Amino acid sequence: MQKIQSRAPGELTRSLEGDFMFGIHALNKNQPFMILKISYYQNAFAGMLLWEKDIIEDIGAVFIPLTPPVEITNTDQLFNNKLEFEDAVVKNRDARVLKGDDGKINFLYSFPDKDTLIITTSADTFEQVTKRLLAGKLVQ
């Protein structure tokens, strides 16, 4: 997180372990995902909640395609144009999601277990990554 100069809070960065994975899931279009190993769930979760206000500026360009700027004609539009995460259940797992104007998920993060954080842009990618992580644990 320091190398990309993110504003991730200390609660999160201190709970991250060195192991992580960044990949692309080829679905109907390429969907990026990141798997982070964590050592302390409570701090990681609290840190992610705090980071929500800056996460899109910090790593959003990797996950969400750039959109043309929106023309704002009054102050109400300026203040109502704020992105807000919401709680959701995605593929039977609790998640925090960011939806577009069309109501579809554009960005999500979830803790499929107490040791793992997944960040991605698609519920289907989240499901596939989670399935493969759990299958790997069952084999071991």
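Analyst: Strands are DSSP runs of at least two E residues, numbered from the N terminus. In this predicted model, arginine 96 lies in strand β4, which covers residues 93-99.

User: Is arginine 96 buried or exposed?

Analyst: Buried means under 20% relative accessible area. Arginine 96 has a relative accessible area of 13%, and therefore counts as buried.

User: Which side chain makes a polar contact with the side chain of arginine 96?

Analyst: The partner is the side chain of glutamate 52, at 2.8 Å. Beyond four places in sequence, arginine 96 also touches several other residues, among them Leu49, Phe85, Phe107 and Tyr109.

User: Which residues make the nonpolar surface patch?

Analyst: Phe20, Phe22, Ile24 and Val62 make this patch, which has an area of about 410 Å². Strand β1 (residues 16-26) supplies the largest share, 3 residues. Phenylalanine 22 lies in strand β1 and is partly exposed because its relative accessibility, 39%, falls between the 20% and 50% limits.

User: Where does phenylalanine 126 lie, and what is its relative accessible area?

Analyst: Phenylalanine 126 belongs to helix α4, residues 123-139. Its relative accessible area is 0%, so phenylalanine 126 is buried.

User: How far apart in space are phenylalanine 126 and methionine 34?

Analyst: Their C-alpha atoms are 9.8 Å apart, while 92 residues separate phenylalanine 126 and methionine 34 in sequence.

Notes. Residues numbered from 1 in each chain as written. Predicted model: local features only at pLDDT ≥ 70, side-chain atom pairs only at ≥ 80, totals over all residues. Heavy atoms only, no water. Helix = DSSP H or I, 4+ residues; strand = E, 2+ residues; numbered from the N terminus. Buried < 20%, exposed > 50% of the residue type's maximum accessible area, 1.4 Å probe, protein only. Polar contact = N/O pair within 3.5 Å; in protein donor to acceptor, adjacent residues only side chain to side chain. Contact = heavy atoms within 4.5 Å. Patch = residues over 30% accessible without salt bridge, like charges linked within 9 Å, V, L, I, M, F, W, Y side chains within 5 Å. Areas by Shrake-Rupley, 256 points an atom, 1.4 Å probe, with all protein chains shown as cover. Salt bridge = Lys/Arg side-chain N within 4 Å of Asp/Glu carboxyl O.
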